[in-house]
Amino acid sequence: MSELPKQYQPADHEQRIYQLWEENNAFAPAAATPDDKPPYSIVLPPPNITGRLHMGHALNGTIQDILIRYHRMQGHPTVWIPGTDHAGIATQNVVEKQLIKEGTDRRQLGRAKFIARVWQWQEEYGHAIIDQLKKLGSSCDWSRTTFTMDENYIKAVQHAFIAYYNRGCIYRGQRLVNWCSRCASVISDLEVVHQDQMGTLTTIKYPLKDSHEFISVATTRPETMLGDTAVAVHPEDKRYQKLVGKTVILPLAHRRIPIIADHRIDQEFGTGAVKITPAHDPLDAAIGETHQLPAIKIIGEDGLITNQAQEFSGLTIEEARLKVIAALRAKDLIVDQQDHQHSVAVCYRCGTTVEPLISRQWFVAMDKLKDVALEAAQKDALTFSPPRWKDHYVNWLTNVHDWTISRQLWWGHRLPVWWKKGTRGTEQEPGSFKVGLESPGKNWEQDPDVLDTWFSSALWPLVTLGWPDNNPDLQRFYPTSVLSTARDILYLWVVRMVFSGLELTRGESYDNRDFNQRLPFKQVLIHPTVLNHQGKRMSKSLGTGVDPLELIAEYGADATRFGLMYQMNHDSQAIKFDRPAIKNARNFANKIWNMARFLDGLPDQENPSPADQWIKSRSAKVTGQVTSLIQRHQLGEAARTLYDFVWQDYADWYIEILKTEGSTKVARQIFKNILTLLHPFMPHLTETLWQHYNYEGLLITAAWPSPADQPDDEIERQMISDQSIIETVRSARALLELPPGLKIKLHAPAAVISNAALSRLTNTEPANRPTKKMKPFPRPDGQPVYLELPAEAVDHLERAKSKLRVELAKLTDLLTSQKLIVENMKGKAPAAKIIAKERLIANTTQKIAELNHSLLLLE
């Protein structure tokens with residue numbers, strides 16, 4: 001056994017250990033045997049090929065890797081399937097920006113050459129995030145790496161589209177969509193960012209028909225009034241109740257439109273009367289559907305005003321806004337204009353204002369699919385952690401709208417739809433298309449649209465296991481065991497995977513699977529969001545982000561992993577990133593390394609002591625606790641339990657006692673158990689030490705420990721008493737400022753550990769009974785300890801008591817004044833300032849309690 005270096009340097013070991021695992025094919029599932037435990041499988045949420053590892057990836061990758069490593073060690077046939085998403089709009093934008101720098105664009109290239117250019121980019125840059133996940137220590141089966149534009153994936157997506165269409169779940173129709181005129185495509189809700197912008201609230205007169213009166217309507221978008229088909233008020237708004245049912249003449253367009261009442265109108269906005277433009281606003285579209293209002297499209301896909309707006313046709317939106325205002329002012333129809341801050345939807349990729357508009361697209365009919373997905377949650381066939389996310393899932397599905405799945409992009413999955421030439425987008429469209437894998441003939445052309453990226457992503461657990469073939473992998477590993485993901489894609493991805501799995505694995509082709517066996521996963525684990533230390537979202541552009549690759553380079557992958565887990569609270573949905581926690585995890589790794597070096601240099605000794613029984617009891621108890629916590633996905637609590645056991649119980653107490661008495665055989669057995677328990681959290685360090693000790697095989701595939709001994713509550717209670725004695729003596733020595741080398745006599749209740757160990761740990765000499773020269777020092781949990789203070793310590797005692805009383809008086813005055821300040825602040829000062837003061841009061845109260853305890857020791 002070679003000598004360990006003085007310090008643990010992650011860079012010297014992590015890559016070497018990872019290569020060792022890969023060379024031994026350690027990430028692949030074990031071959032099936034008749035005695036197999038149930039398989040355990042996870043699919044990695046596929047990162048975009050444009051992405052770079054961020055803190056969310058680091059957190060979720062660590063969570064999944066812990067679960068995979070734990071179940072692998074438990075003996076389950078285990079597989080973690082990785083891959084990447086083609087990220088349609090994101091990738092297309094990246095390549096388009098490159099082309100702009102080269103003085104060209106995709107239209108000049110043409111579709112075929114542009115797609116070839118994207119593939120070229122993907123080959124060069126698309127695997128970067130996979131390499132970054134490896135640096136984290138992710139034990140995925142990389143031989144199964146899947147890309148959502150692989151040939152077999154394309155065929156599977158086409159198969160799914162055709163199956164849905166044939167079952168009446170996909171249709172072509174006109175509905176309101178999010179439209180980006182720069183990207184020239186529909187975009188999903190996730191690709192819309194809402195920004196607060198300063199605009200103008202314009203109040204316009206809408207004249208009543210056959211009257212000189214008018215109703216004042218407030219709007220931030222006067223240009224869209226050209227598509228108004230109603231004015232709406234709240235039915236309980238007494239100002240307008242007499243006007244409901246009457247007709248106004250729409251200014252500039254000279255159309256007659258009704259005044260309607262609807263509970264969805266906000267009486268406090270503007271004048272309480274609003275224009276309804278069903279073709280260009282989601283709420284207006286919903287109101288229009290309720291009241292059967294026509295939808296007039298006055299903004300086109302090119303971002304220009306359509307010919308429905310007559311004299312304003314062909315203008316940009318900004319030009320139309322100015323011209324409409326000028327025309328209204330010329331007719332004395334402007335009541336008022338005020339600055340107004342409002343939320344504006346923009347495309348998250350290019351920053352262009354998103355226009356809601358009516359467009360002919362392909363949709364998934366959610367009323368045909370949502371019920372089975374609801375049933376899965378309501379019957380608890382699909383469970384959520386934390387459980388509250390079940391309600392979010394159910395509420396969203398209950399009120400879901402049809403899903404727009406077509407995109408006007410070039411990069412992505414082409415629709416398996418064929419049109420008679422010249423009919424798409426014309427009045428001849430209905431009945432002029434066919435759905436299938438091949439063109440029906442010469443005079444047919446494929447639909448140019450591609451599918452929403454989320455449509456192909458929704459098939460991820462299926463296709464990564466070989467679907468639509470009912471192959472051995474699908475039979476063995478589907479449904480997967482757990483999905484760990486972020487809350488912001490619960491609706492966009494998780495829900496869609498659920499109904500896709502339930503719908504696309506039914507029937508004889510899939511052995512008539514029962515309901516539970518058609519679900520894509522059994523559990524959904526919603527992990528917390530990593531915020532910066534101020535509790536704000538991390539943003540690379542704002543300089544508030546933290547690069548996990550930099551953390552790995554500075555502190556090591558294991559410290560990054562363990563530090564993140566240590567900060568994670570099972571009940572919280574946010575982690576305030578704390579760099580000191582990563583530093584502390586690095587120190588923890590060094591502590592483990594130094595313990596190994598200490599054990600290496602310790603000569604064999606068999607001097608059994610009660611401390612051996614105590615550490616075996618603690619090890620057994622912690623093994624059971626950590627096992628239970630991981631099974632319940634309480635990984636933060638598991639990390640903290642391990643940290644406390646290793647650093648406090650094993651290092652601070654047992655190792656110190658071992659220097660005087662105890663069994664090195666027990667010490668090494670417990671340390672081996674520590675390596676095994678820590679492996680899912682700190683895989684490189686633990687595998688390095690496992691190999692150092694020449695233990696059998698690889699730690700990654702070693703058996704997860706079962707408690708070797710029964711916990712002994714009595715020996716643990718006795719040890720707590722001993723620890724209390726030692727801590728009381730140490731506190732007394734510190735308060736009295738006794739020189740470290742000064743030995744004093746100690747009398748204490750019968751201790752479990754020997755007098756020799758007790759003497760070494762407290763720098764005392766044992767006394768059989770208390771004498772008159774001894775001073776009692778109270779313990780929190782029992783009889784006092786007695787210390788014989790030397791003559792010079794008497795002055796130390798009085799000086800220490802005086803010092804404590806002065807400090808106590810200062811803190812008591814501070815506490816009184818701060819309480820008065822808080823009382824005066826209530827109802828006047830900002831909540832944040834009051835909270836800060838209350839935190840100061842709590843800290844001061846704690847310090848006063850500690851000082852009183854110290855004074856009690858000395859009295």
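Buried means under 20% relative accessible area, exposed means over 50%, and partly exposed is in between (1.4 Å probe, protein chains only). The views below come from a predicted model, where local features need pLDDT of at least 70, side-chain atom pairs count only at pLDDT 80 or more, and totals for chains, interfaces and linings use all residues. Residues are numbered from 1 along each chain as its sequence is written, and side-chain values use heavy atoms, with hydrogens and water left out.

**View 1. Asp-604 reaches Arg-668 through a salt bridge.** A salt bridge here is a side-chain nitrogen of Lys or Arg within 4 Å of a carboxyl oxygen of Asp or Glu. In this one, the closest N and O atoms are 2.8 Å apart. Asp-604 sits in the loop between helix H19 (579–601) and strand S26 (606–607), while Arg-668 belongs to helix H22 (residues 664–678), 64 residues apart. Helices (H or I, at least four residues) and strands (E, at least two) are DSSP runs, numbered from the N terminus. So is Asp-604 buried or exposed? Asp-604 is exposed because its relative accessible area is 65%, and Arg-668, at 26%, is partly exposed.

**View 2. Arg-561 and Asp-65 form a salt bridge.** Their closest N and O atoms lie 2.8 Å apart. Now look at the numbering: Arg-561 is in helix H18 (residues 557–567) and Asp-65 is in helix H2 (residues 55–73), 496 residues apart. Both partners are buried. A search of the whole structure turns up 37 salt bridges.

**View 3. Lys-205 meets Asp-332, side chain to side chain.** The N to O distance in this salt bridge is 3.8 Å. Lys-205 lies in strand S7 (residues 192–207) and Asp-332 in the loop between helix H9 (317–330) and strand S13 (334–347), so the pair ties together parts 127 residues apart in sequence. Lys-205 counts as buried because its relative accessibility is 18%.

**View 4. Thr-224 sits in the loop between strand S8 (214–219) and strand S9 (230–233).** Why does Thr-224 count as buried? Because its relative accessibility is 6%. Leaving out residues up to four places away in sequence, Thr-224 touches Lys-275, Thr-277, Ile-298 and Ile-299 (contact means heavy atoms within 4.5 Å).

**View 5. S28, helix H25 (residues 755–762) and S29 build a right-handed β-α-β unit.** Right-handed means that, with the strands pointing away from the viewer, the path from the first strand over the helix to the second runs clockwise.
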